[in-house]
Protein chains: 4
Amino acid sequence: ANPISLITGPCQLESLDHARMMAERIAEACAPTGTKFIFKASYDKANRSSITTQRGLGMEKGLEILGRIKEEFGVPVLTDVHDAAQCAPAAEICDVLQIPAFLCRQTDLLLAAGETGAAINVKKGQFLAPWDMANVAEKIASTGNTRIMLCDRGTSFGYNTLVTDFRGLPIMARTGYPVVFDATHSVQQPGGQGTTSGGQREFAPVLARAACAVGVSALFIETHEDPDNAPSDGPNMIPVDQMGALIKTLRDFDALAKTL
Amino acid sequence: ANPISLITGPCQLESLDHARMMAERIAEACAPTGTKFIFKASYDKANRSSITTQRGLGMEKGLEILGRIKEEFGVPVLTDVHDAAQCAPAAEICDVLQIPAFLCRQTDLLLAAGETGAAINVKKGQFLAPWDMANVAEKIASTGNTRIMLCDRGTSFGYNTLVTDFRGLPIMARTGYPVVFDATHSVQQPGGQGTTSGGQREFAPVLARAACAVGVSALFIETHEDPDNAPSDGPNMIPVDQMGALIKTLRDFDALAKTL
Amino acid sequence: ANPISLITGPCQLESLDHARMMAERIAEACAPTGTKFIFKASYDKANRSSITTQRGLGMEKGLEILGRIKEEFGVPVLTDVHDAAQCAPAAEICDVLQIPAFLCRQTDLLLAAGETGAAINVKKGQFLAPWDMANVAEKIASTGNTRIMLCDRGTSFGYNTLVTDFRGLPIMARTGYPVVFDATHSVQQPGGQGTTSGGQREFAPVLARAACAVGVSALFIETHEDPDNAPSDGPNMIPVDQMGALIKTLRDFDALAKTL
Amino acid sequence: ANPISLITGPCQLESLDHARMMAERIAEACAPTGTKFIFKASYDKANRSSITTQRGLGMEKGLEILGRIKEEFGVPVLTDVHDAAQCAPAAEICDVLQIPAFLCRQTDLLLAAGETGAAINVKKGQFLAPWDMANVAEKIASTGNTRIMLCDRGTSFGYNTLVTDFRGLPIMARTGYPVVFDATHSVQQPGGQGTTSGGQREFAPVLARAACAVGVSALFIETHEDPDNAPSDGPNMIPVDQMGALIKTLRDFDALAKTL
């Protein structure tokens, strides 16, 4: 098995300069271990808790920035898509299209994404069991595109709380598709701050280590140079200056797990 | 407070003749108690468990049938919309647009629905707490449209199971918007049959009685002349020949609750 | 079916005078509707959240008070027992022995309680499914004592929260034993205040109405003349001066349900 | 930090010969890595799902066997206690008394166990949040005995299912007491087979690896030479002939985690 790769970047695109700075710092954090990364950023936060929070730069400007990052840094880029019409334009730039968890049962979106031929990272809905993702993958695969990744970002557990069931990773792996663990959103507290979601940043590395010990193909970890002032997901992003050390640790657990 | 009204119909549109037959039988079931109903049917099941199951007649044909029912029976009609572009055409025919539970946080859909001026019935996501619905309603209300109904259809409880927390009804009512209880989907067992969802039809009347005793503005109950052979939601729909007796019972509980 | 009866009283015995006062006020609240009640109080809170909170008067003194209430008011009395050795002495006074939810799987306690011949009210563990209670009842019935009541007091739902699944009432009723709904502990927030449990008193009448509409044999409702200063369960007890009106309402819903 | 130790043995004592054989095979499995173990076995299964299943050898005979194992193998021994009166006699033989999860709030049991001066391994109730265990530990510590271990064995998640929230391990560690992860009961499916609990043995090593990566002081893993025919917990015990390889793997993850 290959070493884990990372899907990482700021949650939300802020500007070309910010994206460049983040890509550079992530590349530096990944270099010592030779860890491959896919640069992730969103051009639109389409399902925020409240109407009063920022949504982002929009698709056109966002894709342009992602295209520049891809070209300048020579890395694959990923963004999330929110309706079928966004898939084709997003796939012209992006190597990976991501299906948000709330939308993982929307057949039209899954088909449109699959039909682009891009790789698809589909998040498990918080309302789904891990074995339910076989049906989700099958919808995408019905387009002939089997470049599918299944990503766990936590499961509803009472109100305003998620829990990660680590049995879910090997269960999803039974599909044969690579499994990704999203350490950032798994420690989200949905709606936990009234009009925004809260989070428990301190547990993201803890759960990421657990995921590596269980065995995954990739980790999804959002990062920012100043999470407390980031436009979204601040409470659960990792400060970028801690990413180098975290990646080294995770690679060690991953290497050990992959000797099994 | 007014007596409860019903949102009812077959889950999925099958044909004009079928819709007519259902509307007629529902009208008969409602007549003895003078219960008002909104005829509900879907033209597209956009988020089914599996790609192998039937999706429906499509928007154009579906809206045409709903228009005929509205005209012939003189009843308001409701359908669910799945992306922003569907809202305006659906609202040309339908009195009420319904936002599916999985989509209740999709800002563009909520805004597009709100902007039509139609009444909006928004289902609480299975992944949301009842108090989180205040933010959802506020997104719609930001369009100036406050004809909003908040509908409970169950909350994730472990895997492949929903639970109804009846505290949620008065909590959602604190928003000032009318609250609807969906007795059909609250007894759904999501993904519980492998490639389709299961259900516990026998508990739909039980939970509907409870909702009336707690206090609601309307009930959502899907019905069919032969649920076991319906194209979707069969395991949790009420046979139409039982609707008359059920409505009578529910009106009695509702009347009692509304003396409090 | 008979009208609902009540299991009611202060959570914790405070003194003979207090018990008398409570019994008198409860009797007054029940009189207008002819509602039968079982006087409930605990002599020992054996499983409180924290060591720093009050446990009660102890078994000897507690049973003496319960004996006086039984004699003076001519009502059956109930108390909860916490180990096998307490069952026989408690049954000398009490008509009903109650098995606490945490202890509902302790075989020795169930057998010792059953062997007294007293009626047994066993609470469903917060960690059990309603269908699991058939095994619990069978343990008691193995003693030859089938005077068993099964009582729902909520199910674990995330952390520090309970939810009532009203499907559980008819599911437990399939055993053939009478089903009781505990409106007081179902709105408890276990551990929700650090060293004590919190509660949502305002929802106790709401859920009690729902239970009556679903159909139960009895309701369990703790009450106090000053809940905010009661030694335990204050946040979820009903003020005794509201009990008369509540009982009347619940009897109306019960009567309606029992016409079905 | 010291390397992890193990709490291990058959779930239920069967005979002196069986206990000897198990202790010998466990000692062999632990030897290559120098892993210390505490021999665990129960003399009474006091809270089984159903009255029809086996309870065990009883206290007197059970403690005698544990005493022999302790003497012959020179290892500490652990057993679980079910009421206050069992604590003193059990502590005459056993180095560690274990408080079952259902009983972790029973004040008398916690105090009696604490007063023996033995080490106490207390399982987190399936109905408790990890932070609720601080109050539990404080009850024991009020006796002056602070030789306390806090053990996670899963949390209620819907019906007949447990989930492990790995955030719970560092949360419980904030108390300052060593934290144990019970890999055997965390994969139990309570009541999942009608009159007995089911289990998912294949996930015990998976979750144990995750726990080591997160960081724990000890692991609790039940084992048997023939789990499918063991008198209890068969579905979730590890075959003893797999223990050597498992221990080696877990020690590697533990060593890596303890470099952090």
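Thr8(D) counts as buried, because its relative accessibility is 0%, and in this predicted model the residue is found in strand E1 (residues 5-9) of chain D. Leaving aside residues up to four places away in sequence, Thr8(D) touches Ile26(D), Phe37(D), Ile38(D), Phe39(D), Lys40(D), Ile221(D), Thr223(D) and Met243(D).

Ile69(D), placed in helix H2 (residues 59-73) of chain D, likewise has 0% relative accessibility and therefore counts as buried. Its contacts, again not counting residues up to four places away in sequence, are with Ala19(D), Arg20(D), Ala23(D), Phe39(D), Gly74(D), Val75(D) and Val77(D). The C-alpha atoms of Ile69(D) and Glu24(D) lie 9.6 Å apart, although 45 residues separate the two in sequence.

In chain B, Gly74(B) sits in the loop between helix H2 (59-73) and strand E3 (77-80). With a relative accessible area of 63%, Gly74(B) is exposed, and its C-alpha atom is separated by 35 Å from that of Arg167(B), which is 93 residues away along the chain. Helix H5(B), by contrast, contributes several buried residues, namely Met133(B), Asn135(B), Val136(B), Ala137(B), Lys139(B) and Ile140(B). These buried residues of H5(B) pack against H4, strand E5 (119-123), strand E6 (148-152) and helix H6 (168-173) of chain B.

**Chain A as a whole**

Chain A has 8 helices and 13 strands, and its C-alpha trace spans about 40 × 40 × 40 Å along the principal axes. A compact globule of 260 residues would have a radius of gyration near 18 Å, and the 17 Å of chain A agrees with this. Buried residues make up 64% of the 260 residues in chain A. Of the contacts in chain A between residues at least 6 apart in sequence, 68% join residues that are at least 24 apart.

**Salt bridges**

Over all chains, the structure holds 48 salt bridges. Side chains of opposite charge can pair when their charged atoms come close.

| Pair | N to O separation |
|---|---|
| Asp17(A) and Arg20(A) | 3.4 Å |
| Asp44(A) and Arg55(A) | 2.8 Å |
| Lys248(D) and Asp252(D) | 3.1 Å |
| Arg55(B) and Asp108(A) | 2.7 Å |

Asp17(A) and Arg20(A) are separated by about one helical turn, because they stand 3 residues apart in helix H1 (residues 16-30) of chain A. An α-helix has 3.6 residues a turn, so residues three or four places apart point the same way. Asp17(A) is exposed at 55% relative accessibility, whereas Arg20(A), with a relative accessible area of 25%, is partly exposed. Both residues also belong to a network of salt bridges that links Asp17(A), Arg20(A), Arg68(A) and Glu72(A).

In chain D, Lys248(D) and Asp252(D) are 4 residues apart in helix H8 (residues 243-257), which again separates them by about one helical turn. Lys248(D) is partly exposed, with a relative accessible area of 46%, and Asp252(D) is partly exposed at 31% relative accessibility.

Asp44(A) forms its salt bridge with Arg55(A) within a loop setting: both residues lie in the loop between strand E2 (37-40) and helix H2 (59-73) of chain A, 11 residues apart. Asp44(A) counts as buried at 11% relative accessibility, while Arg55(A), at 23%, counts as partly exposed.

**The interface of chain B and chain A**

How many residues of chain B are in contact with chain A? There are 35, and they meet 35 residues of chain A. The area buried between the two chains is about 3,300 Å², with carbon and sulfur atoms giving 50% of it. Ile51(B), Arg105(B) and Tyr159(B) supply 22% of the area that chain B buries against chain A, more than any other three residues.

Across this interface the rule finds 2 salt bridges, one of which joins Arg55(B) to Asp108(A), and 12 residue pairs in polar contact. On the side of chain B that touches chain A, the elements giving two or more residues are helix H4 (107-115), helix H5 (133-141) and strand E7 (155-156) of chain B. The residues of that side divide into 11 nonpolar, 15 polar and 9 charged.

How values were computed
Residues numbered from 1 in each chain as written. Chains lettered and ligands numbered in written order. Predicted model: local features only at pLDDT ≥ 70, side-chain atom pairs only at ≥ 80, totals over all residues. Heavy atoms only, no water. Contact = heavy atoms within 4.5 Å. Buried area = accessible area lost by both parts, 1.4 Å probe. Salt bridge = Lys/Arg side-chain N within 4 Å of Asp/Glu carboxyl O. Polar contact = N/O pair within 3.5 Å; in protein donor to acceptor, adjacent residues only side chain to side chain. Nonpolar A, V, L, I, M, F, W, Y, C, P; charged D, E, K, R; others polar. Rg over C-alpha atoms; globule rule 2.2 N^0.38 Å. Buried < 20%, exposed > 50% of the residue type's maximum accessible area, 1.4 Å probe, protein only.
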